[in-house]
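Let's work through a few exercises on charged side chains. Try each task yourself before you read the solution.

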Amino acid sequence: MKKPLLETNISALNEGLELLSLLTQSHYIKGYKPAFNSTIGAHFRHVLEHYRCFMGQYESGEICYDNRQRDQRLESDIVYAHTTIENLMVSLQQLTKHDLNRSCKLKDQQLTDTVKSTIYRELLFLQSHTVHHFAIIAAMARSLGVQPADDFGVAIATRSYEHSVDNESMAATVAVERD
C-alpha cells in the first residue's frame, strides 16, 4: 500500500522531465512579470530543493524544509535540472519499506517545537507540493506556446474524478446509442 505513493512521486518527477524536454533554455529562465514574479526554472529549483532536502535529512529523523541548500544553478541551467531530477528519481527508488514506515519530526522556522510526522507522510507532502508548482509551471509554459501534457500539474484526486466522470459520460452515451 505504501509503495504507490513512492511511485507517484517518481512519476511526478518523470512528468517534470517530460516537460523539460519540451522547453528551451530561454523558456526555462524567462521572467513572467507581472503575472508571476518568477521563472519556470525558479519553480523547478524550489521543487527539487525540497526533494533534495528530504533525501538529505530523512535518515536523521528530523526534517526542516526551511533548512535546505539553495542551488541557483537549478534555476538557471535546464540540463542541470534534468540531471538532478534523474538522480532524485534513483534516490527515491532506493527507499525501502522500512524507510517509509519510519517516524520523523518536522522543524520549521516559525515553530519552537517539532511536529511528529512519518516519512510516508512527507512523501505525500512532496507529491502535493510538486503538483502545485507544476500547475504554475504549466500556465507559464502555455503562455510561451509550449503545450504540457493535459494532466501536467493536475492533482491525482482531480485526475481520478475526471476519469470517473469521463467513464460515466461514455457509459451514458453508449446506453443512449443502444436505445
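R45 is buried, at 14% relative accessible area; buried means under 20%, exposed over 50%, and partly exposed in between, with a 1.4 Å probe and protein chains only. Keep in mind that this is a predicted model, where local features need pLDDT of at least 70, side-chain atom pairs count only at pLDDT 80 or more, and totals for chains, interfaces and linings use all residues. Residues are numbered from 1 along each chain as its sequence is written, and side-chain values use heavy atoms, leaving out hydrogens and water.

**Exercise 1.** Find the salt-bridge partner of R45 and say how the two sit in their helix.

*Step 1.* A salt bridge needs a side-chain nitrogen of Lys or Arg within 4 Å of a carboxyl oxygen of Asp or Glu. R45 pairs with E49, with 2.8 Å between the closest N and O atoms.

*Step 2.* Both belong to helix α3 (residues 40–57); they are 4 residues apart, so about one helical turn separates them. Helices here are DSSP runs (H or I, at least four residues), strands are E runs of at least two, and both are numbered from the N terminus.

*Step 3.* E49 is buried too, at 1% relative accessibility.
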